[in-house]
Amino acid sequence: MAGQARVASGRVGRWRVMAVWAVVVCTCAAVHASSVKGVAPKDASHYTPGTSFTCLDGSGAVPWDMVNDDYCDCSDGSDEPGTSACDYHFWCSNKGFVGKSIPSSMVGDGICDCCDGSDEPTCDNVCESMGKARVREIRKQIRALKEGLGVREERVAKSKRLYAEKEGERSALEQEVQALEAVMEQEEAALELLEARHNEAVDALRPKMDDVKGQKRATRLREDELGDDDEEARARNPSVYMAEDDEEEQQEEEMEED
């Protein structure tokens, strides 16, 4: 958050610098500007009234009274910075606003291209009002930027809180999964142990089970043999066996009644 605050402060600081710059830039330019009409501050040192003028392209030199005389004496047109005679450029000082350069062909064409009116004899100086409007616009942009940064910081803080909450949920779920995995491992180990014991018990009982099966098979064979003998006896003495059957049925009924 501290880093974001520094970034936000830096941005607002740049806007403030722009606002101050919009107010004083032309004043600063005026300090270094040449008294010669149409000369940009960067070229002011080449224009000294009362001395001969050396063309900026080095093509020659002319007397000072031939500077801005509405006639091209230098091949680059640098002797006519304040007229439209040459293919050169004209510097608008625009004190109170922002200085700018325009083509020399736009000087004296009846259209106000410089806010200070220096390119036309009939234009008013509106640079101060334009500068104030520019400052108001920059201040408005600064306020909007501050509001936007405040909203952004709120969103960032909210996102961080949400991220922390989700991280806490994820950590809790991971712990729960680990606990369930541990329980599952214990259950699997217990199941394996039960299966091993079951197999051991089955292996131990298998000989006995085989003996019981053998005894059952022998019993069934014996019963089959006895059954055959009993049927033959019944055929020979039916009355005797009928009496025995009746007696058995009577005993079963008595047992049921008891």
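**Disulfides, patches and backbone of a predicted model**

The disulfides of the chain follow the pattern 1-3, 2-4, 5-7, 6-9, 8-10, where the bonded cysteines are counted along the chain. This is a predicted model, in which local features need pLDDT of at least 70 and side-chain atom pairs count only at pLDDT 80 or more, while totals for chains, interfaces and linings use all residues. Residues are numbered from 1 along each chain as its sequence is written, and side-chain values use heavy atoms, with hydrogens and water left out.

Me: How many disulfides does the structure hold?
Reply: A disulfide is a covalent bond between the sulfur atoms of two cysteines. Here a pair of cysteine sulfur atoms is counted as a disulfide when they lie within 2.5 Å. By that rule, the number of disulfides in the structure is 5.

Me: What is the handedness of the disulfide between C92 and C114?
Reply: The sulfur atoms of C92 and C114 are 1.7 Å apart and form a disulfide. This pair links distant parts of the chain, 22 residues apart, with C92 in strand β3 (residues 89-92) and C114 in the loop between β4 (100-103) and α2; helices (H or I, at least four residues) and strands (E, at least two) are DSSP runs numbered from the N terminus. Because the torsion about the S-S bond of C92 and C114 is about -45°, the disulfide is left-handed.

Me: How many residues apart in sequence are the parts tied together by C115 and C127?
Reply: With 100° about the S-S bond, the link of C115 and C127 is right-handed. Because C115 lies in the loop between β4 and α2 whereas C127 lies in helix α2, the pair ties together parts whose separation in sequence is 12 residues.

Me: Is Y47 buried or exposed?
Reply: Y47 lies in the loop between α1 (2-32) and β1 (53-54). The C-alpha atoms of Y47 and V36, which are 11 residues apart along the chain, are separated by 7.1 Å. Since the relative accessibility of Y47 is 5%, this residue counts as buried.

Me: Is D70 buried or exposed?
Reply: D70 is found in the loop between β2 (61-62) and β3. Its phi is near 65°, a positive value in a residue other than glycine. With a relative accessibility of 51%, D70 counts as exposed.

Me: Is N94 buried or exposed?
Reply: N94 is found in the loop between β3 and β4. Phi of N94 is near 50°, which is a positive value in a residue other than glycine. At a relative accessibility of 1%, N94 counts as buried.

Me: In which helix is E195 found?
Reply: A negative surface patch is formed by E181, E185, E188, E192 and E195. Patches are made of residues with over 30% relative accessible area and no salt bridge, with like charges joined within 9 Å and nonpolar side chains (Val, Leu, Ile, Met, Phe, Trp, Tyr) within 5 Å; a salt bridge is a side-chain nitrogen of Lys or Arg within 4 Å of a carboxyl oxygen of Asp or Glu. At 45% relative accessibility, E195 counts as partly exposed. The helix in which E195 is found is α2 (residues 127-236).

Notes. Accessible areas come from the Shrake-Rupley method with a 1.4 Å probe; for residues, only the protein chains shown count as cover. Lys and Arg count as positive and Asp and Glu as negative; His and the chain ends are not counted. The place of a charge is taken as NZ of Lys, CZ of Arg, CG of Asp or CD of Glu. Buried means under 20% relative accessible area, exposed over 50%, partly exposed in between (1.4 Å probe, protein chains only).
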